[in-house]
Amino acid sequence: MTRDDLFNTNATIVATLTAACAKHCPEAMICIISNPVNSTIPITSEVFKKHGVYNPNKIFGVTTLDVVRANTFVAELKGLDPARVNVPVIGGHAGKTIIPLISQCTPKVDFPQDQLTTLTGRIQEAGTEVVKAKAGAGSATLSMAYAGARFVFSLVDAINGKEGVVECSFVKSQETDCTYFSTPLLLGKKGIEKNLGIGKISPFEEKMIAEAIPELKASIKKGEDFVKNMK
């Protein structure tokens with residue numbers, strides 16, 4: 001099952017729940033982890049717009065699992081502690097829209113191009129790897145829970161005044177031609193304090209962004225159109 005296979009079910013669930021949030025807690029931070037995130041964040045935004053309470057600084061698509069996977073896979077290959085590895089993952093949260101910026105990894109790491117291509121593909125298709133490992137009986141559960149908890153704990157820390165809290169998230173953006181895009185964000189008491197942008201990247205990563213844009217635009221439009229056509 002792909003993320004798009006979940007659209008028909010999850011689109012309605014997300015629209016219903018976010019409508020309740022817009023009505024009863026319009027100032028809340030909204031963190032959406034329901035797939036396909038590339039569409040459910042536009043759905044959430046359009047619902048909040050309909051209710052006249054839209055604040056793009058408080059609506060987050062939780063893509064942290066991609067970061068966790070990238071950190072883990074890089075650490076395994078380099079014999080590092082994954083807790084001390086940080087790979088920004090930008091773009092979206094499905095297949096080729098997941099763009100790990102290995103060139104920005106801390107600590108700095110280098111891979112031959114063939115190994116880098118394989119590593120990138122594994123990060124992008126890690127969800128499918130889990131489904132296959134479970135013989136189709138399920139998908140990522142504990143890792144998804146961990147990733148969701150990590151993002152929320154970071155956001156709560158920032159709300160409570162901790163400085164320098166940075167997480168990647170799929171949000172309203174002007175970084176590319178896409179109206180939504182995941183990049184590292186500096187979090188603060190009111191949500192997004194600053195979008196840290198894409199930064200300096202390699203030609204390989206530039207190519208991945210260019211290839212991801214059409215799919216991202218289509219997924220975003222699908223979410224927006226869903227709300228427009230709601231009765």
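Which domains does the domain assignment of the protein give? It gives domain 1 (3–61 + 219–229) and domain 2 (69–212), with bounds that come from an automatic or database assignment. Bear in mind that this is a predicted model, in which local features need pLDDT of at least 70, side-chain atom pairs count only at pLDDT 80 or more, and totals for chains, interfaces and linings use all residues. Residues are numbered from 1 along each chain as its sequence is written, and side-chain values use heavy atoms, leaving out hydrogens and water.

Let's start where the two domains meet. Their C-alpha centres lie 21 Å apart, and 20 residues of domain 1 are in contact with 23 residues of domain 2 (contact means heavy atoms within 4.5 Å). Between them the domains bury about 1700 Å², 64% of it on carbon and sulfur atoms; this is the accessible area (1.4 Å probe) lost when the two parts are put together, summed over both.

Now look inside. The largest nonpolar core has 29 residues: buried Ala, Val, Leu, Ile, Met, Phe, Trp, Tyr and Cys residues joined through side-chain atoms within 4.5 Å, where buried means under 20% relative accessible area (1.4 Å probe, protein chains only). This core draws at least three residues from each of domain 1 and domain 2. One of the residues with the most contacts inside the core is Ile-209, which touches Ile-90, Ile-99, Phe-181, Ile-198 and Ile-201, not counting residues up to four places away in sequence.

Conventions
Buried means under 20% relative accessible area, exposed over 50%, partly exposed in between (1.4 Å probe, protein chains only).
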